[in-house]
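Good morning, and thank you for coming. Please look at the structure on the screen while I describe how its parts are arranged.

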There are 2 protein chains.
Amino acid sequence: MKTLKIPEATIIRLSVYSRYLTEIDRKGIVTISSGDIADGVGVSPAQVRKDLAYFGEFGTRGVGYNVKDLHRHILKILGLSSDWSVALVGLGNLGLALTTYKGFRERGFVITSIFDNDPKKIGTVLDGVEVMPIDKLVEVVGKNKAQIGIITAPSAVAQDIADSLVKSGVKAILNFAPMVLNVPPEVELRNVDLAVNLEVLTFNVASQRY
Amino acid sequence: MKTLKIPEATIIRLSVYSRYLTEIDRKGIVTISSGDIADGVGVSPAQVRKDLAYFGEFGTRGVGYNVKDLHRHILKILGLSSDWSVALVGLGNLGLALTTYKGFRERGFVITSIFDNDPKKIGTVLDGVEVMPIDKLVEVVGKNKAQIGIITAPSAVAQDIADSLVKSGVKAILNFAPMVLNVPPEVELRNVDLAVNLEVLTFNVASQRY
């Protein structure tokens, strides 16, 4: 985990705020208060103001925030002003689920390359993208200028895949394989463990018991 | 989002620490310092001590923590002292990926019921669990005493499924459908948006540019 001045929880909330602002903007609402945002996403108004204050002054006291400006600014902070080209490696059930996940495309994450080593999958076309063998990864990812790699392959091959992704020039890797990967410090790495989500729930359920 | 005294980021780190302690315990190591844990998972030693301090005093100054005791204690805090019975609703690619996800079983989450409305899927058996139609949900979940429901169904039917899960008596719902669900306050709800993970990465990549 990299030490950042901005807490990760703030980044995650910014992501939540921006989804809410998309919705509000679609409704044609022009200005919004921190209290409205807070109500809409279920955090305190003070938290909204604190999160936004990391990035300078946005709102006008007593008037609130201009929805479009705030939305655009948050997207810029999150690095979402333009699309990202994504390579996905490992077309098991999870890989398949992610290639068809609408939430990625909506936020500007476009899967431009897909890799798997199963001969039955190689050559098939998903959403306009042809599945390629993993030994073509460095070549294809480089050609497609993918900036992010998603690893949904088994643990046994995950480090080799990470090495190839790094070699191909990606800036960030999202890893679903349940293992610790080594990548150079200039490459951002994030591990997703789906069980953690269940543990936040069971912590809350267990706390209620006391 | 429920206001908790313990920050969610702390819960998530406890989950990470406990995985590391599983590994350390397997190696036969008896005591561990906060510095060792910090190195192992990539946070600062002060953060480890602060996180553990929420739950009272564990370690002995200059000696460190007993690995087994600390591990047992963290699992208890996370509500993982015993198994949880889980019902999964929606057997698309993501649902399939989760039913075969080893990380759940390892942490004590046992999928005991699976539901889908596709006639081709109903009656098939996955890991010993027969896929049932969604209209049997209340009956089957009640009978299997599932405490957690996972929704991997499309948004259009997610609220109806949440209502049925609540009626069947689950204590917590993990929702992968990209929509806001309404559940009574006594039921813990967590929404998973897989794109958020990519946005934490793009925030970090974008920050490096400045």
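The centres of domain 1 and domain 2 of chain A, taken over C-alpha atoms, are separated by 32 Å. In chain A, domain 1 covers 8-77 and domain 2 covers 84-195, with bounds that come from an automatic or database domain assignment.

This is a predicted model, in which local features need pLDDT of at least 70, side-chain atom pairs count only at pLDDT 80 or more, and totals for chains, interfaces and linings use all residues. Residues are numbered from 1 along each chain as its sequence is written, while chains are lettered from A and ligands numbered from 1 in the order in which they are written. The average pLDDT of chain A (the predictor's confidence in each residue, from 0 to 100) is 90, and 97% of the residues score at least 70. For the model, ipTM is 0.86 and pTM is 0.82.

How is chain B laid on chain A? A turn of 180 degrees with a shift of 0.0 Å along the axis does so, at an RMSD of 0.0 Å, where copies are superposed by least squares on the C-alpha atoms of residues with pLDDT of at least 70 in both. That is the relation of a two-fold axis. The same surface serves both copies, as 100% of the contact residues of chain B recur in chain A; contact requires C-beta atoms, placed from the backbone, within 7 Å.

Chain B and chain A each bring 48 residues to the contact.

Definitions and conventions
Two residues are in contact if their C-beta atoms, placed from the backbone, lie within 7 Å.
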